[in-house]
Structures are given as structure tokens and as C-alpha cells.
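Please read the following points alongside the coordinates.

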Amino acid sequence: MNRSFPRRRALLAGAAATLLLAGCGFQLRRAPDFAFKSLAVPGKSAYVVALRRQFRAAGNVELIPEEEKERAEAILDVLSETRGSAVLSTNSSGQVRELQLRLTMRIRLRTPGGKELLGPIVIEQSRDITYNETAALAKESETELLYRDMQADIAQQTLRRLAAVKSL
């Protein structure tokens, strides 16, 4: 009995799968390419911190300190950050049972000279959360965790939108 036959079949199946994936254009996600090599992101909000972390992870853009923003090729302005919540459902006695948390960011990308590269755009995220009055402290920390998660998601979306800018 030849034991190498099943091993050969598995090897050929793996090679075929690799060729199929390569042939369809599949690629692992890479760091985005930006039209600018240096960027200033003024501000100290949690969103700005998350955004700077994303740029450091990408590694292909120099982050310029806020005090020297005029020497950057591009400046990302955070125009507004709005947090909100809405009641989704209540119980029979009118107590809140489910909330929707919303985070909205308005940003724009410009050159130090004032040329607008990416007009004021709005990026929104929302999350649903159950609510229980008896666990109010736990729900408050869960709410903050969800807001941090939304900020990280918006930071990733911001990177993808900035990568779409092709020229200064």
C-alpha cells in the first residue's frame, strides 16, 4: 500500500488552491498609499489619538507635531465630534431597555496654503446596547468601550478615505 498518494493529493490540492487565489487577485490588506508624505493632525481628542496610532501602524506617513503644522504637506482638521444616543425600545412601564449610541465625525483635508483636498465629510458609526437600571455602572463602562470602538473604526475609515486622495 502506497502512503505517499494521499500526501501527494493534499499537496496538489493546496497548490491548486494557492493558484486559484492568486489568479482571482486576492491579496492581503496592505498599508494604504497616500498622496502626501507628511501630515499634521491637530487636536488631542481620543479620535485624534486613535488616528495617529493608525498612521504610525501604516508607517508610510510622517506625523508632524501640531506646533509645526505649516511644514506638513497636508493638514487633517477635525471639524466636529458629536456623540449621541437614542432610545430604541422601552418596557411596559416606560423604562429604557435598548439604546443606540451614535458617533459622528466631520473632517477635512487641506494643504497648509488652504487648498481643500477633501471637503468636509461626515463619518458616522452606531452601536446598539441593552440597558438595565440595576447595572448602570457596568453599562456606563460598556458605553465608553463602545465609543472607543467606534472611534477606532472611524479612524480606519478615515485612513481609507485619505488614501483615495490622489494628488495635492
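Which residues form one aromatic cluster? Phe34, Phe36 and Phe55 do, and the points below start from there.

1. On provenance, this is a predicted model, in which local features need pLDDT of at least 70 and side-chain atom pairs count only at pLDDT 80 or more, whereas totals for chains, interfaces and linings use all residues. Residues are numbered from 1 along each chain as its sequence is written, and side-chain values use heavy atoms, with hydrogens and water left out.

2. The structure holds two aromatic pairs, where rings of Phe, Tyr and Trp (its six-membered ring) pair if their centres lie within 6.5 Å, and planes under 30 degrees apart count as stacked, over 60 as edge-to-face and the rest as tilted. Phenylalanine 34 and phenylalanine 36 make a stacked pair, with 5.3 Å centre to centre and 25° between the planes. Phenylalanine 34 also pairs with phenylalanine 55, in a tilted arrangement at 5.4 Å centre to centre and 45° between the planes. This second pair links distant parts of the chain, since phenylalanine 34 lies in the loop between helix 1 (4–23) and strand 1 (38–40) and phenylalanine 55 in helix 2 (residues 46–58), 21 residues apart. Helices (H or I, at least four residues) and strands (E, at least two) are DSSP runs, numbered from the N terminus.

3. Phenylalanine 34 counts as buried because its relative accessibility is 8%, and phenylalanine 55 is buried with a relative accessible area of 0%. Phenylalanine 36 is buried as well.

4. The sheet is open, with five strands in the order 2-1-3-4-5 and mixed pairing, where two strands pair if DSSP finds at least two bridges between them. Strand 2 (62–64) and strand 5 (116–130) are the edge strands, each pairing on one side only. From one strand to the next the twist averages 30°; axes are lines fitted to C-alpha atoms, for helices over the stretch in contact, and angles run from 0 to 180 degrees between N-to-C directions.

5. Strand 1 and strand 3 (residues 74–90) run parallel and are joined by two bridges, and alanine 40 stands opposite isoleucine 75 in strand 3. Strand 3 and strand 4, by contrast, pair in the antiparallel sense over 14 bridges, and the bridge partner of serine 89 is glutamate 98 in strand 4. These two strands form a hairpin with five residues between them, and glycine 94 in the turn has a positive phi of about 85°.

6. Helix 2 packs on the sheet, touching strand 1, strand 2, strand 3 and strand 4 (96–110), and its direction makes about 120° with that of strand 3. Helix 3 (residues 136–163) also packs on the sheet, touching strand 3, strand 4 and strand 5, at about 150° to the direction of strand 5. Contact here means heavy atoms within 4.5 Å.

7. The largest nonpolar core has 32 residues, and those with the most contacts inside it are Phe36, Leu39, Phe55 and Leu109; such a core is a set of buried Ala, Val, Leu, Ile, Met, Phe, Trp, Tyr and Cys residues joined through side-chain atoms within 4.5 Å. Helix 3 gives the most to this core, with eight residues. Outside the four places on either side in sequence, leucine 39 touches residues including Phe55, Ile64, Ile75 and Leu109.

8. Glutamine 151 is found in helix 3 and is buried, with a relative accessible area of 2%; beyond its neighbours within four places in sequence, glutamine 151 is in contact with Ala46, Tyr47, Ala50, Glu81, Arg83 and Leu103. Lysine 44, in the loop between strand 1 and helix 2, is exposed with a relative accessible area of 69%, and its contacts beyond four places in sequence are Val49 and Glu66.

9. Finally, arginine 83 lies over the face of tyrosine 147, at 4.2 Å from the ring centre; the criterion is that NZ of Lys or CZ of Arg is within 6 Å of the ring centre and within 35 degrees of the ring normal.

Conventions:
Buried means under 20% relative accessible area, exposed over 50%, partly exposed in between (1.4 Å probe, protein chains only).
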